[in-house]
Amino acid sequence: MIPVTEQPEPDDFDKKVRQPGKKWLAKKTGEWRSSELPAYWTRILNELYDAYHGICAYRCIYIERVQSSATVDHFLPKSKHRELAYEWSNYRLCCPACNSAKGEHEGILDPFDIKPHTFYIDFLTGEIYPAEDAPPNAQKTIDVLGLNREDCKRMRCDHFMLYCKHKDLLDYTFRNSPFVYKEIRRQGLL
């Protein structure tokens, strides 16, 4: 994970998402589940995708623009923070695997709040490790999001090896795997 700069909400966000969401919430009384919430946030998925250049906030990889390949993660889960279900500031662009793994977990690091070099990559294994001065919940973040799953480690190694074999692909690495790119730079491997 690397720091992500929060982007401004789209001009039509209030009209498309917030107002219909607030209206729906105001009508709901008694007990109800978060699964009943209308998914108005999907109305701005393209804008979220564009604002964050298609990069998963957690895996830091480019998400191909195909149907259902990018999702809106509610950083603070909508099941526990319904008042934030329709707020842009609570949305993170992420791949379906990270969204599913995160689920209703709280207490993981927010890509909007982490400092640079909170995590680093071991390019021999592809594993992510928290830096020595990382917050205590850094390892929990790795574990909950499955950032060291075999396919994730292999992907980071593949991206690094592609760069090693084709040094002219540095821009490609920057656009498609920004964490790998930043680690190549940090580790002096340019």
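I'll go through the salt bridges in this predicted model.

First, the ground rules. Residues are numbered from 1 along each chain as its sequence is written, and side-chain values use heavy atoms, with hydrogens and water left out. Because the model is predicted, local features need pLDDT of at least 70 and side-chain atom pairs count only at pLDDT 80 or more, while totals for chains, interfaces and linings use all residues.

Side chains of opposite charge can pair when their charged atoms come close. A salt bridge here is a side-chain nitrogen of Lys or Arg within 4 Å of a carboxyl oxygen of Asp or Glu. By that rule there are 13 salt bridges.

Start with R18 and D14, whose side chains meet at 3.0 Å, N to O. Both sit in helix α1, residues 13-27, four residues apart, about one turn of the helix. Helices are DSSP runs of H or I, at least four residues, strands are runs of E, at least two, and both are numbered from the N terminus. R18 counts as buried, at 12% relative accessibility; D14 counts as partly exposed, at 29%. Buried means under 20% relative accessible area, exposed over 50%, partly exposed in between, with a 1.4 Å probe and protein chains only. R18 and D14 also belong to a network of salt bridges with E9 and E87.

Next, K16 and E47, with the closest N and O atoms 3.1 Å apart. This pair links distant parts of the chain, K16 in helix α1 and E47 in helix α2, residues 45-51, 31 residues apart. K16 is partly exposed at 27%, and E47 is partly exposed at 24%.

Last, K102 and D73 form a salt bridge at 3.3 Å, N to O. K102 is in helix α3, residues 96-102, and D73 in strand β1, residues 71-74. Both K102 and D73 are buried.
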